[in-house]
Each structure stands twice: as C-alpha cells, then as structure tokens.
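Take a walk through this protein chain.

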Amino acid sequence: MKDFREQAGQTFTSPEEALDALITLIEPVVSPEELTAVRSAYAIASKAHAGQKRLSGEPYIMHPLNVAVILAQLGMDAASVIAAILHDTVEDTALTIEEVQAQFGETIAELVDGVTKIGKVPLATREEQQAENIRKMLLAMSRDIRVIIIKLADRLHNMRTLMFKPENRRREIAQETLEIYAPIAHRLGIRPIKEELEDLSISYLDAVAYKEIEEALERQSQSRNEFLEETRAKIEERIRTVVKDAQVSGRIKSVHGIYRKMYMQNKNFDEIYDIYAVRIIVDSVIDCYNCLGVIHDMFKPIPGRFKDYISTPKPNMYQSLHTTVLGKEGIPFEVQIRTWEMHHTAEYGIAAHWKYKLGINGTQKFEERLAWIRQLLESQSDSENVEDIVTTIKSDLVPEEVFVFTPRGDVFNLPMGATVIDFAYAIHSAVGNKMVGAKVDGRIVPIDYQVKTGEIVEILTSAQQGKGPSRDWLKIVKTSQARTKIRQWFKRERRDENIEEGRGEVEREFRRHFIHLSPPEYEAFIAKIAEHQHCKNVEDFYAAIGYGGISLIRLMPKIKDDYQKMLKTEQQVIAVTQPKKRTRTKDGVVVEGIDNCLVKFSRCCNPLPGDEIIGFITRGHGVSIHTRSCTNVPADLSKAGEPDRWIVAYWDTNVREEFKCTLQIVCLTRIGLLADISGTLANMHIMITDINTRNSKDGRSSVFVTVTVNGVEHLNSVVAKLSRIDGVLSIERSGV
C-alpha cells in the first residue's frame, strides 16, 4: 500500500486526472462490470455536483474522488469505492437515495445513506446534532462496517484540506476528529489513518507545539537516519543467522504520539523512549519469540517496557511483541516483532478483510472486532440522552489499555483508569451486581481502586438476596459497559425507588432554580417535558432520572427557558385582561407600572439579557434589577419583609445593549495562561474591561476577567471557547 503521507502530498489538477489515478489503483483487482459501475458512478456524481465548488475553489467532485482513492489504497472493494464517489450526492444535490438504489442496488444505497449526515433533523444544540450523526453512523456500521471506513476516508481528506475553513471551524473539526474519528480508526486497527488524523488534528489545535516537535525531529533527521540505518543493518545481520527471510525496517513515532508524551506526561523530547522504532517481520509466531531473544541478547532491555500483544491481543486484534532497549551511546529505541499476517492486520485493520478477499462474511475474529459497536449502541439505547454516545466514545475508545487477570488466569483488557467495579462487570453483569469488595494481588482494595496491567484481581461477592450495586457506582465507573449494566439493574429492580428518587431530584432542582408552579401547572409542565424526552408518561420520566438514564442537570437550561416562556405568556394574558403600564428603559428592561424610572443592575448577580429578572424598588435609587435566582431575592416573595417593593421586570425583546459580566476562571497554574485567555477573547472580538488573578498553594489559579457581552447566549459561547483552553477547570459568573 502506498503510504497515506505520500498520497497526502499528491494533488490532482483535474477530476479526469483523479479518476485515472483511481482506475489505475482498482483495475487489477475488480471485475470489468465493477469497473463500468465505478465509471458510471463518476458520471452521475460529476453531473449532480456540476457547478459546486469547495472552499479551495476546486470543483466539488474532487473531494469524493479523493475519498475513493484513499479507499482504493486501503484495498476496499468496488462497492465501497462507488459509495465514496456518491456519498455527498444525496445530502448536497437533487439526487435521491431511491435513484441511487435503482441504479446501483440496495447495498450501495445503504452505504451511501449510512455515510450521509442527518442534516434535516431539528435539534437544539450542535452537541445533539453531532451525537445523532454519530448514532446514525454506528447503527449503519452495525449492519455494514464499510460505512465507517468510508467515513474515515471522508474525514481524512477533509482534514487534509482543512486550511480553507474559517479558524473557529478548523478547531471544532480538529477537536471532533481527535476525540471521535481517530479513536474509531484505532479500534478498527487502521493505523495509517489513525496516525494521520491525530497529527493533522494537533497541527490545528496546538500549532506551536506541533511545529516544535517537527523542528526537533528535523534537527535530528541526519543523525536519526544514520542511527536507524546502522541499527537496522546490525539487527538484520544477526537475525538472519537465526530466522530466514526476516524483514527489518526502521520508523519514527508519529508527531501526535510524541506530543501526547511531551505535553500530557510532562516529558522532555529527550525523555521519550520510543521516538525511534525498528520493526521485524517474520513468518511464524515461534520466529517472533526467537527474534526477541536475539534482540535482548544484542541490547540491554529497559525494565517494564516489554509488552506481549501476541499472547494478549489488543481489542482491535493487533498482535506484536514490543520491547524497548538501549542502543549505542545509550539511545533507547523500540523493537516491534510480528508475523506477516499480524503486520497486515496492524496496517489495514478491518480493511484487510476486503484487501485479502475475506469480505463481510469474515471469520469469528472479524465478528469479535465488531462487538464493541454493539456495546456502544446498547449503552446509548439505555440512556435517553443522545449526547451520552459522544462521552462513551471518548471514554471507551482511548488507545491506552490495561490488561488484568482473574485468579484463574483469564485476561481482561480495560481502558486506562478503569476500576475494580469495571473489572467485575467485564467478567459478567451478575458478578458486578453481587460485588461487595475486591482483592488486588491478595490484598483488599477500595471499590474505586484503578487497576493496572499485570495485576490479579479477585472480586468478592455476596449471595444475599436483594443485594445490588450502589447508585454512587455510576460516578466511579469508567466504562460504558459497567455504567449500562448498573443502570439496567436499577431500571429492572428498583422502579418504585427510581420514581421517588427522580421525583425528589426534580423538586430539588426546581426549588434551586426558583421554578414555582401550582399543582395543575406543575403536572402539565412535567408531562410536556416527559413527552419531549420520549417517555410514555411522567412516572417513566421520573424513573429514568432515578436510574441515571436522563441527566436532569443537562435538561435544566431548556426547562428554565420553557418556564420563562410560560411566564411571559401568562404575563401577556394578564396584560390583555388588565392592562398595566410598561416602560422600556434605555438599558433594555421593561418594568411594570412605573414611568421614567431609573434602573440599575445589581452587582451581586450581574443580570444579562436572557436571565429571568425581577425588580426591587430602592429608596432614592430607582429600581434595582436582580436575576430571579440571585441569593438576595426571596424564594417566596409573599413572605418577604416588604413584598410590595418587588416588581415585575423583564428584558425588552429588542434589547441590543452591551453589558459587563465578570467570570471566575479556575485553572491549573502554568506559563502563558493569561496570554491564552486574552488571545481567545481577542479572537472573538470580546472587550476586556478588567482582569486580575489569585494564586493558591494547590497549583491552581483563579482568573477574574470582566468582559462585555450582549446577553446570556453570547456569554455561553464565550464560556464554551474559554473552557477549551488547556488547564481550565471551571468557569462561573461572579458577582463583584
């Protein structure tokens, strides 16, 4: 396979040139009928996309052709190539999925539909849109894995041409790629796509660090190449005395791989052991272990740096022996030893099933590799919150894994940071549900203990009837599998308890957010929320909150918004039946029944357009405006000391004034933090009127920054951007 990095530098000057390159790649491996279908797909797509341009200015058809070339390089079948050529036609042109099916058959139509984004479904947030797109993609993957391989090729070409997007979109797409698509490529075992997606993402998310690593590699390029070539030749000469036909090659760790260790493990460039790597490919498993013995005889192995992925394969079926040794002058380098079959799996992953004519009917190993997709779908289907699927992918598909043993010697792989509870549920749901404790290497550990590679874990269970998991476990576990099984247990075994738990949580949150309704209004309001969450009735809604299927905290912004709209509707009805004088002040606030009043915004809560507000008639200073949730506003106004001084106030619908708001940003103390904060605000054209910091002894800082915004929605977008800055832990509005 031609390396993806080489293809990334290969640009086509016209659609005809790209089509010729594609035909050259697939002609030796497809039938004449399939070749005709590929040409036909190009003709249809070219006509459908006629007149459309990409942001780069090139004809749009260049994008699907480049995606098809990537798939051809992977060795994918003709159906995948055809679907890639057509993948944007249904979404972006007048061509329908029915027309695709009539021309190319049901299989290709399903592939195209699986890759097509949802698009027309109205959803409240971009996160919900992203989550629904991913959920649709996973459902299509569970039927035909080629959907995600096409999608990965699509994302790879989009990342290669990302420089033509606006800066804010570049960062959003790069972040999504790093969190969603690169982990999926890793789990499917398609290493070249995974590494290039990661490197391209980092080049946009942290351009300075990316350049530093590139320059460090460039400075060492000559000595690095000499070292690798000398080491490779030395190993090859010795290995061939033991194993015939062994292939020995050298490689450099990806930029993202170096970045992770430098900036996430706080290491210097010189402290990273496996920047250099030598790969040995042999014919049999026994040859792998013979070569390992030779390597350890030639070089000094570094303790704790040997990994046997042959006897314990990774979840994506990756197999290889990894050992890190010291070369001449004490330079460490990694050696990977594998068979040719293991090498094909490591390079092509799932795609190897098409490249080597195994197809979608595959082997049992092929089915095992797809089991995680069903697990993701099962986890998401048990949660009414669509955004859970994004969280699941981020937590479950991380590259780092630990391998843990049962006392009987069975091995289980878990994501880094998994606890003994996760291990118990990985064994069986019944083991997790009956768990009362755990031993690690023979000693009792707490239930939030995080397991490490090589440890022997024994789960202690109780036969006591009615014993089950604790709700607190949902806050401890790291895997979606454990979280799903705990929720299922509560959903099945504790419905009445869930309903009470959910009802209590709703009442507490409503009180906290000053949502006050009469019993009939409350019942109608809750019923409407339950219907919106696709619950059959209010009890199901309470139960879902009780067992964790619905996150009430995530729903509260929408609930508060609905409540405010309901109040405004009631106020309008009252206004029709009993008119009151409304006065709009120059600050954009409407107060009831007072003419020409002076309005000031209280500094205890700094109200912004979008907040629910209330007025307080002061003595000699006009009306003071507070947020309804302000600590200085009584929960029950009828019981306040002077209830008549509280007055109805709300924002004028056409308010366009700018308001000052102070944010308290809690973050890890580091060099350049203030520069990153001020730079982010400057890029958003936000005026900073005041900024100061307080340092604490625990390595954290509090940055108080006063900015000018035009309302809550504007402020939320500012907070979202600031939250992405490295080291930021929390952001809250601050009264000053």
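Helices and strands here are DSSP runs: a helix has at least four residues, a strand at least two, and both are numbered from the N terminus. Counted this way, the chain has 31 helices and 21 strands. Keep in mind that this is a predicted model.

Start with the whole chain. It has 736 residues, and 50% of them are buried. The chain exposes about 36,300 Å². Carbon and sulfur atoms supply 50% of that area. Contacts also reach across the sequence. Take those between residues at least 6 apart: 66% of them join residues at least 24 apart.

Now go inside. The largest nonpolar core holds 64 residues. Five of its members touch the most others: Leu-22, Ile-26, Leu-86, Ile-108 and Leu-152. Helix α4, residues 62-74, gives this core its largest share, nine residues.

Ile-108 is itself one of the core members that touch the most others.

Next, the strands. Gln-247 lies in strand β1, which covers residues 247-252. Its relative accessible area is 37%, so Gln-247 is partly exposed. Beyond its neighbours within four places in sequence, Gln-247 is in contact with Arg-279, Ile-280, Ile-281 and Trp-340. Strand β6, residues 332-339, holds Thr-339. Thr-339 is buried, because its relative accessible area is 6%. Leaving out residues up to four places away, Thr-339 touches Ile-281, Val-282, Asp-283, Ser-284, Val-285 and Cys-288.

Cys-288 leads on to the cysteines. How many disulfides does the structure have? The count comes to zero. Cys-291 is in no disulfide, and the nearest cysteine sulfur, that of Cys-288, is 6.9 Å away. A disulfide would need the two sulfur atoms within 2.5 Å. Cys-291 has 0% relative accessibility, so it counts as buried. Cys-661 counts as buried too, at 1% relative accessibility.

Turn to the charged residues. Side chains of opposite charge can pair when their charged atoms come close. The structure holds 16 salt bridges.

One of them joins Glu-198 and Lys-194, at 3.4 Å from N to O. The two are four residues apart in helix α12, residues 191-205, so about one helical turn separates them. Both Glu-198 and Lys-194 are buried.

Glu-236 is buried because its relative accessibility is 17%. Arg-232 is buried as well, with a relative accessible area of 18%. The pair belongs to a network of salt bridges that links Glu-229, Arg-232, Glu-236 and Arg-240. Gln-247 and Arg-232 are 15 residues apart in sequence, and their C-alpha atoms are 9.9 Å apart in space.

A further salt bridge joins Arg-54 and Glu-58. Their closest N and O atoms are 3.9 Å apart. Is Arg-54 buried or exposed? At 14% relative accessibility, Arg-54 counts as buried. Glu-58 counts as partly exposed, at 22%.

Finish on the surface. Leu-55, Met-163 and Phe-164 form a nonpolar patch there. Together they have about 310 Å² of accessible area. Where is Phe-164? Phe-164 sits in the loop between α10 (146-160) and α11 (167-188). Its relative accessibility is 41%, so Phe-164 counts as partly exposed.

Methods
Residues are numbered from 1 along each chain as its sequence is written. This is a predicted model: local features need pLDDT of at least 70, side-chain atom pairs count only at pLDDT 80 or more; totals for chains, interfaces and linings use all residues. Side-chain values use heavy atoms; hydrogens and water are left out. Patches are made of residues with over 30% relative accessible area and no salt bridge: like charges are joined within 9 Å, nonpolar side chains (Val, Leu, Ile, Met, Phe, Trp, Tyr) within 5 Å. Accessible areas come from the Shrake-Rupley method with a 1.4 Å probe; for residues, only the protein chains shown count as cover. A salt bridge is a side-chain nitrogen of Lys or Arg within 4 Å of a carboxyl oxygen of Asp or Glu. Buried means under 20% relative accessible area, exposed over 50%, partly exposed in between (1.4 Å probe, protein chains only). Contact means heavy atoms within 4.5 Å. A nonpolar core is a set of buried Ala, Val, Leu, Ile, Met, Phe, Trp, Tyr and Cys residues joined through side-chain atoms within 4.5 Å.
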